[in-house]
Amino acid sequence: MDSCELTVTISALACCIADGRSPEEIALISSIFVQIGDSLATMAAHQALCAPKDTK
């Protein structure tokens with residue numbers, strides 16, 4: 001899957017998730033996904049900076 005296909009897939013998924021929901025529900029779901037993304041980014045940065053480096 002190339003980056004354009006990935007973007008279209010994610011947009012379609014967002015439309016499916018939002019279908020039939022109120023703006024308030026969509027905002028809550030959005031904030032949950034943002035927090036998940038931020039947490040994953042923090043974990044990746046922590047691992048990159050703080051994990052023991054393989055010296056082989």
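Q: About how much space lies in the largest pocket?
A: This is a predicted model, where local features need pLDDT of at least 70, side-chain atom pairs count only at pLDDT 80 or more, and totals for chains, interfaces and linings use all residues. Residues are numbered from 1 along each chain as its sequence is written, and side-chain values use heavy atoms, without hydrogens and water. A pocket is an open set of points on a 1 Å grid over the protein atoms alone, where a 1.4 Å probe fits, with protein on both sides within 12 Å along at least five of seven lines. With volume taken as the space filled by probe spheres set on the points, the largest pocket holds about 150 Å³.

Q: Which helix supplies the largest share of the lining of the largest pocket?
A: Lining residues have an atom within 4 Å of a point; among them are Ile 10, Leu 13, Ile 26 and Phe 33. Helices H1 (3–18) and H2 each supply at least two residues of this lining. The largest share, 5 residues, comes from H1.

Q: How many residues of this lining are charged?
A: The lining includes Ala 14, Ile 17, Ala 18, Ile 29 and Ser 30. By class, 8 lining residues are nonpolar and 1 is polar, while the number of charged ones is none.

Q: What does the C-alpha trace of the chain span along its principal axes?
A: The secondary structure comes to 2 helices and 0 strands. One of the helices, H2, covers residues 23–50 and contains Met 43. Along the principal axes, the C-alpha trace spans about 55 × 30 × 10 Å.

Methods
Helix = DSSP H or I, 4+ residues; strand = E, 2+ residues; numbered from the N terminus. Nonpolar A, V, L, I, M, F, W, Y, C, P; charged D, E, K, R; others polar.
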